[in-house]
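Visitor: I would like to go through the strand pairing of this model with you, one step at a time. Shall we begin once it is on display?

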Amino acid sequence: MAEYKTPTSEPEFHANFAQIKPRMNKSEALFESSRCLFCFDAPCIKACPSGIDIPQFIRQINTGNTTGAARTIYEANYFGNACGKVCPTEVLCEGACVYNLQDVKPIEIGRLQSFATREAIEQNKPLFGPGPANGRKVAIIGAGPAGISAACELRSLGYEVDVFEAKSQPSGLTVYGVAPYKITNEEVLAEMTYLENQFGFRVQYNQPIASRRELEALEESYDAIFLGIGLGATNPLLLPGEERNNCVGAVEFIEQLRVQHHRTAVGRKVIVLGGGNTAMDAASESARMGAEDVILAYRRGKEEMGAYEFEYDLAKGVGVKGLFNVAPVEIVGNGKVEGVRFIRTATLHGQVQVVPGSEFVEPCDMVIKATGQAKQTQLLSLIPGLQVDNKGRIVADERTGQTTNPKYFTSGDARNGGAEVVNAAAEAKATARGIHAFLSGGF
């Protein structure tokens, strides 16, 4: 089990958050690519939401055609480098590798993917460019994986594209919401710059679209509008004492860590509430920031957690402890967090039931809530005719991404409720094609 001291400088922060998928050198890439069996009807392709021809790009790496490998990757997924690092490859492409059936280590597809794309980015290889101008314009709200993927595809089809981003940097989740040990900001921003240079879309930063008047201006100036707005802030638990200092949302904590690095304050004993992948990230990050004790508290049993098993293993590997079948009742303390009052639970016929008389207080000086994210209901309510389902997700055509207001299209977390970066990238590319079909009279 690794033990971490609180980082007080950038070098110490980067040491604590060393990349779990480090960059391969050329020799490593050649060796790893030589292990691939280049399967016919390869299961790894079927497991990839963006359908990258994985055997093809691995063969290209093995024959020294790294540029061709990067092209193969980017033709399917415009976030090729980022996805090579942040994708849960253990349960997607690498999880489907036939070597798993022989108890042999699967091909490190993610690292090979990043090897090829990183070289193309650093050498600014001219792999793509905008298509012939067709005289039409599309506005994109949100510069996250969905918005940028849609922008790239639309530019390749000849559309003029303007992206409106509320924050000061692009790439949404990959800059603000992914654990720093999965990818660095420098890598994310380098890929963004590469894509901007390749396709020539425009991004307007610090430009939130938050009023009906602003939406009307877009509706008048653009032929279609793409909503790549993702999700919002951490959902409140509505517990007594939740307003106390040092009780924070996981999304907000991770964003602060991504931006402020070692200047982010972390308690000595941290309790993370939740059982999903974001909870695992927040717990791992707290330990790497020097917290002496980190407890992951979940209202169901360990086997019922929504997190991937490898994510929980990663958290345990840095000293995180699990506290299962407990539900928070109150955040206790005098002005600041001093503990969490829990009640023990049991799962009966799939339902969580509390155990009467089983309350106890677990001391801590920081609570991180990994309890899901709110939907962007305020903006959506300003769009006439746009419908959301009973979970707050935008209702859209499964094939084209067109919403119930025909001028608006969407993909990513706002539509799927929260999935992986690769899902957003793949959906948005398909939706860009849906916009093209709509504006071309194809449906």
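Visitor: How many bridges join strand β6 to strand β13?

Guide: This is a predicted model, in which local features need pLDDT of at least 70, side-chain atom pairs count only at pLDDT 80 or more, and totals for chains, interfaces and linings use all residues. Residues are numbered from 1 along each chain as its sequence is written, and side-chain values use heavy atoms, with hydrogens and water left out. Strands are DSSP runs of E, at least two residues long, numbered from the N terminus, and two of them pair if DSSP finds at least two bridges between them. For β6 (residues 269-273) and β13 (residues 366-369), which run parallel, the number of bridges is 4.

Visitor: Which residue of β13 is the bridge partner of isoleucine 271?

Guide: Strands β6 and β13 run parallel. Within β13, the bridge partner of isoleucine 271 is valine 367.

Visitor: In what order do the strands of the open sheet with β13 lie?

Guide: The edge strands of this sheet are β5 (247-249) and β8 (321-324), each pairing on one side only. The pairing is parallel, and the order of the 5 strands is β5-β13-β6-β7-β8.

Visitor: Which residue in β2 is the bridge partner of isoleucine 141?

Guide: Another open sheet of 5 strands, also with parallel pairing, has the order β3-β2-β1-β4-β14. In it, β1 (residues 137-141) and β2 (residues 160-164) pair in the parallel sense over 5 bridges. The β2 bridge partner of isoleucine 141 is phenylalanine 164.
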